[in-house]
Amino acid sequence: MFRPMRRNEREIQDQQVCWDVLAQTEFGVLSVAGDDGYPYGIPLNHVVIDGAIYFHGALQGHKIDAIRRDNKACYTVTHGPLEGKDHIPPDTLGTYQSVVIFGRVTELPPEQRLAPLIALCRRYVPERVENKPYFDKYMPSLNILKLEVEHISGKQLLVK
């Protein structure tokens with residue numbers, strides 16, 4: 001169902017490494033089928049919980065309309081250059097690791113949104129985790145999306 005990697009010598013063989021790259025990166029791009037057949041990619045931050053990827057966003061908009069129409073999605077993250085911009089090996093554009101995830105996105109019902117939101121806050125704005133008024137204020141207008149992973153693959157260029 002999913003194509004094999006063209007540059008298979010760069011394929012990350014250990015799926016745990018793919019999950020580790022995903023955990024290390026702070027942002028990625030969620031791509032969905034947008035309006036009028038155009039792809040729609042939106043940069044998002046994420047958190048991984050029990051093998052699923054969670055995002056936050058608004059209750060309405062282009063992304064939500066697209067997901068409600070067709071919940072198939074692709075999420076891509078890239079980590080690198082791994083050696084720092086001042087130490088890129090000759091004959092390369094730098095070393096990197098990237099991960100591509102295919103799956104289906106669903107909106108969580110309101111009663112299931114708090115735990116992923118706390119996990120997102122713990123990762124990105126830990127000072128807000130204990131701020132109950134913050135959650136009370138934003139929860140009614142906040143959407144939490146869950147990407148159930150159907151396929152994950154990674155690619156890397158590491159120079160030794």
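Author: One cut-off comes first: a residue counts as buried when its relative accessible area is under 20%. Note also that this model is predicted.

Reader: Does Lys146 count as buried or exposed?

Author: Lys146 sits in strand E7, residues 142-157. The limit for burial is under 20% relative accessible area. Lys146 has 19% relative accessibility, so Lys146 counts as buried.

Reader: With which side chain does the side chain of Lys146 make a polar contact?

Author: Start with the contacts beyond four places in sequence. There Lys146 touches Ala52, Ile53, Tyr54, Arg104, Val105, Thr106 and Leu108. The polar contact of its side chain is at 2.9 Å, and the partner is the side chain of Glu148.

Reader: Which element gives the most to the lining of the largest pocket?

Author: The largest pocket holds about 360 Å³ of space. Of its 21 lining residues, the closest to the centre are Arg3, Pro4, Met5, His151 and Ser153. At least two lining residues each come from helix H1 (15-24), strand E6 (96-107) and E7. The top contributor, with five residues, is E7.

Reader: Which element supplies the largest share of the largest nonpolar core?

Author: This core has 22 residues, and Leu30, Phe55, Tyr75, Ile101 and Leu147 touch the most other members. Elements that each supply at least two residues include strand E1 (27-33), strand E4 (52-58), helix H2 (62-69) and strand E5 (72-79). The largest share is four residues, and its source is H1.

Reader: How many residues are in the second, separate core?

Author: Some members can be named: Leu108, Leu117, Ala119 and Ile144 are among them. The total for this second core is 14 residues.

Reader: Against which elements do the buried residues of H3 pack?

Author: Helix H3 spans residues 114-124, and its buried residues are Pro116, Leu117, Ala119, Leu120 and Cys121. They pack against strand E2 (39-45), strand E3 (47-49), E4, helix H4 (132-138) and E7.

Technical notes:
Residues are numbered from 1 along each chain as its sequence is written. This is a predicted model: local features need pLDDT of at least 70, side-chain atom pairs count only at pLDDT 80 or more; totals for chains, interfaces and linings use all residues. Side-chain values use heavy atoms; hydrogens and water are left out. Buried means under 20% relative accessible area, exposed over 50%, partly exposed in between (1.4 Å probe, protein chains only). A polar contact is a pair of N or O atoms within 3.5 Å; within protein, one must be able to donate a hydrogen and the other to accept it, and residues adjacent in sequence count only if both atoms are side-chain atoms. Contact means heavy atoms within 4.5 Å. On a 1 Å grid over the protein atoms alone, a cavity is a set of points where a 1.4 Å probe fits but cannot get out, and a pocket is an open set with protein on both sides within 12 Å along at least five of seven lines; lining residues have an atom within 4 Å of a point. Grid points are joined across faces, edges and corners, and a volume is the space filled by probe spheres set on the points. A nonpolar core is a set of buried Ala, Val, Leu, Ile, Met, Phe, Trp, Tyr and Cys residues joined through side-chain atoms within 4.5 Å.
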